[in-house]
Every structure is written in C-alpha cells, then in structure tokens.
Amino acid sequence: MSHRSAIYPGTFDPITLGHVDVVQRGLKLFDEIIVAVADNPKKNPMFDVATRLEMVQATFVHEKRIKTISFDGLLVNIAKKHQSIAILRGLRAASDFEYEFQLAAMNRKLDADIESVFVMAREEYTFVSSSFIREISSMGGDVQALVPAPVRPLLP
Ligand code: ADP
C-alpha cells in the first residue's frame, strides 16, 4: 500500500495536550503526520515561529512517523509539496465547526484532491486551547498539566 501522509497545520502558540491527542489519533489513520507550524505574524503570537517549532519538535522527538515543519503561504501548496493526501484538523465544541467548515471548503476549492479530516480529542481536552493556556499562565494560573513537558519551562 502507498505511504499515506497527512498534514496537521496550526499556530501551536503553544502546542497543548489537545494538539498532541489530535496527532496521536491521526497516526492511527495515516502512516505519517506532518505537524506544520504556521508563521502567522498577523495573529501576534506569544512565541515566535522558531520557538513554536522547537516546542513541537521536542514534543515528538521520539516518534519517527511525525515530521515537523514551519510554513507560510498557502497550505494546499505545502501539502502538495510534501505529498500529503489530507489535512488533519481537530474539533472541540460546536463553536469550532463554523470556522473549520469554511476553511475546509476554501481548501477544497483551492485543491479538490486534498481531503480535510477531523478528529475529536479526548473529552478532558475539549476546553484546552492555546489561547486559554496563554491567558491563564500569564495571570499566574497553573496550566502545566495541559501542555507537553518541553513547553512547561517556557510558560510565564
Ligand atoms: P489555528 O490558528 O489554525 O486554529 P491552533 O493551533 O489553534 O491553530 O489549532 C490547530 C488545530 O487543532 C485546529 O483544528 C484546532 O481546532 C485543533 N485543536 C486545538 N486544540 C484542540 C483540542 N483541545 N481538541 C481538539 N482539537 C484541537
């Protein structure tokens, strides 16, 4: 059977255990997951793209089937370049749906060959988001249990 690769794009500002769970589910469906860290300067990230990429790399350092890249520009072009057949995304609550639906429709318009695939993380991560991690940790709250070990020393 052919090698099946999916690309998992995101801002990962920072990567959380919700993201990790999505990747692990993706590995059940695909031979390879490429975690693609979006440069996204418009989003005004807390961590620069190099740091976000390092955190992702360190999180998955022992998993040979996970590749990590950073990117800017059109996602479908990056997916094609890496011969990914799918875009992997995660869904939490219904509130994610509208945005993800639009994004998937737009990506399909741009390249009809690449399928968007959605997985749901474990229930205990449904409330976990990077923005929640940033906000709580900057106010002194303890969110260490919700992020992978390489992120912990970098949180305020
Ligand atoms: P983006 O800026 O592209 O939304 P994120 O890093 O915030 O980047 O999220 C990347 C993807 O991971 C999105 O599809 C998002 O819905 C999904 N995701 C993030 N956290 C979780 C979680 N706790 N459970 C399921 N999916 C999640």
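**Phe97.** I looked up Phe97 and found it partly exposed, because its relative accessible area is 46%, where buried means under 20%, exposed over 50% and partly exposed in between, with a 1.4 Å probe and protein chains only. Phe97 sits in helix α4, residues 94-110; here helices (H or I, at least four residues) and strands (E, at least two) are DSSP runs, numbered from the N terminus. I also checked Phe97 against Lys43, 54 residues away in sequence, and their C-alpha atoms are 20 Å apart.

**Basis.** I note that this is a predicted model, in which local features need pLDDT of at least 70 and side-chain atom pairs count only at pLDDT 80 or more, while totals for chains, interfaces and linings use all residues. Residues are numbered from 1 along each chain as its sequence is written, and side-chain values use heavy atoms, with hydrogens and water left out.

**Ligand.** I then turned to the ligand, which has 18 residues around it, the closest being Tyr8, Thr11, Lys43, Gly90 and Tyr125; a residue is counted if one of its heavy atoms lies within 4 Å. For polar contacts I took pairs of N or O atoms within 3.5 Å; within protein, one must be able to donate a hydrogen and the other to accept it, and residues adjacent in sequence count only if both atoms are side-chain atoms. The side chain of Lys43 has an N or O atom 2.5 Å from a ligand oxygen, and a polar side-chain atom of Thr11 is 2.6 Å from an oxygen of the ligand. Gly90 takes part through its backbone, with an N or O atom 2.7 Å from a ligand oxygen. Taken alone, the ligand exposes 560 Å², of which the protein buries 91%; the areas come from the Shrake-Rupley method with a 1.4 Å probe, and for residues only the protein chains shown count as cover.

**Cores.** In the largest nonpolar core, which has 31 residues, the members that touch the most others are Tyr8, Ile15, Ile33, Val35 and Phe60; such a core is a set of buried Ala, Val, Leu, Ile, Met, Phe, Trp, Tyr and Cys residues joined through side-chain atoms within 4.5 Å. At least two residues of this core come from each of β1 (5-10), α1 (17-29), β2 (32-38), α2 (49-59) and β4, and α1 supplies the largest share, five residues. A second, separate core holds twelve residues, including Ile34, Ala36, Ala38 and Leu75. I also listed the contacts of Val35 (heavy atoms within 4.5 Å): beyond four places in sequence, they include Tyr8, Phe12, Phe60 and Ile69.

**Aromatic pairs.** The whole structure gives three aromatic pairs, counted where the ring centres of Phe, Tyr or Trp (its six-membered ring) lie within 6.5 Å, with planes under 30 degrees apart stacked, over 60 edge-to-face and the rest tilted. Tyr8 and Phe12 form an edge-to-face pair, 5.3 Å centre to centre and 80° between the planes, and both residues are buried. Phe127 and Phe132 are also edge-to-face, because their planes stand at 85° with the centres 6.0 Å apart. Here Phe127 is partly exposed at 46% relative accessibility, and Phe132 is partly exposed at 30%.

**Loop residues.** Which backbone atom does the side chain of Ser129 reach? I found the backbone nitrogen of Phe132, at 3.1 Å. Ser129 lies in the loop between β5 (115-120) and α5 (130-138), is buried at 16% relative accessibility, and is in contact with Thr16 and Arg92 once neighbours within four places in sequence are left aside.

Asp13, in the loop between β1 and α1, is buried at 4% relative accessibility, and its side chain reaches the backbone nitrogen of Phe47 at 2.9 Å. Leaving out residues up to four places away, Asp13 touches Pro45, Met46, Phe47, Arg52, Ser130 and Arg134.

My last entry is Ser84, in the loop between α3 (75-81) and β4 (86-91) and buried, with a relative accessible area of 6%. The side chain of Ser84 makes a polar contact with that of Ser5 at 3.0 Å, and the C-alpha atoms of Ser84 and Arg4, 80 residues apart along the chain, are separated by 7.0 Å.
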